[in-house]
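We will walk through it together, one part after another.

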Amino acid sequence: DGDGVDDKQQQDMIKGIKCAVEGKKIGLKKSTGVVSIDELYPVDPASIDTTTGKPVHMPFGLISFRLTVATAGQSIEVVVHFSEPIPEEMKWYKYDLAEGWYDYSSFAIFNEERTAVTLTLQDGGIGDVDGVGNGSIIDPSGPGAAPSLSDSSISSDGLCFINTIFWKPRK
């Protein structure tokens, strides 16, 4: 995390993993109110079939983590550190089964060098995919480039995807 202390010496404060794509590394640092980082693992975005709103490029893939917080319903911050800077045009995206892909940038603040991002999450609220104030926050998310129109519901001919549903081949 760049604080001058070997991350291996900070096991109670920071955990690191190798990302699912491109062999990069990230570290997750807990903050006040976070009792423990219970799980941290990489997720390859290619393993997620939902394409609506999906970022076109995620150089670190998704990181998924589960935190235990001191008080159910509590809002906390965590810091994600990257092995290299995140490109300026990239935002922070989340994925969950209920909401699909969505831009979470209004709750993600990158440092000036773009080597770390501070995420604001609330147990049972914003950023917690289980949606339950149970003392545990679950968050699959990561940096990515905004989806293009070709990746949305608009087809390459500019027509709505509904035309594709009703299209029948000519005999």
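How many bridges join β5 to strand β9, and in which sense do the two run? Keep in mind as you look that this is a predicted model. The answer is seven bridges, with β5 and β9 (residues 116-122) running antiparallel. To see one such link for yourself, find Glu77, whose bridge partner in β9 is Thr120.

Strand β5 also pairs with strand β2 (residues 25-29), again in the antiparallel sense, and here there are four bridges. Look for Leu28, which stands opposite Val80 in β5.

Now let us turn to the aromatic rings. A search of the whole structure finds six aromatic pairs. One of them is formed by Phe82 and Trp92: their ring centres are 6.1 Å apart, and with 55° between the planes the pair is tilted. Phe82 lies in strand β5 (residues 75-82) and Trp92 in strand β6 (residues 91-96), so this pair ties together parts that are 10 residues apart in sequence.

The charged end of Lys24 sits over the ring of Phe60, 5.1 Å from the ring centre. Over the face of Phe110 lies Arg114, at 4.0 Å from the centre of that ring.

You will find Arg114 in the loop between β8 (108-110) and β9. Most residues other than glycine have a negative phi. Arg114 is not a glycine, yet its phi is positive, at about 60°.

Finally, move over to an open sheet of five strands, in the order β3-β4-β10-β6-β7, with antiparallel pairing. At its edges are β3 (34-43) and β7 (100-103), each pairing on one side only. Neighbouring strands of this sheet are turned by 30° against each other on average, direction ignored. Within the sheet, strand β4 (residues 62-69) and strand β10 (residues 136-144) run antiparallel and are joined by six bridges. One place to look is Ser64, whose bridge partner in β10 is Pro140.

Note on methods. Residues are numbered from 1 along each chain as its sequence is written. This is a predicted model: local features need pLDDT of at least 70, side-chain atom pairs count only at pLDDT 80 or more; totals for chains, interfaces and linings use all residues. Side-chain values use heavy atoms; hydrogens and water are left out. Rings of Phe, Tyr and Trp (its six-membered ring) pair if their centres lie within 6.5 Å; planes under 30 degrees apart count as stacked, over 60 as edge-to-face and the rest as tilted. A charge sits over a ring if NZ of Lys or CZ of Arg is within 6 Å of the ring centre and within 35 degrees of the ring normal. Two strands pair if DSSP finds at least two bridges between them. Axes are lines fitted to C-alpha atoms, for helices over the stretch in contact, and angles run from 0 to 180 degrees between N-to-C directions.
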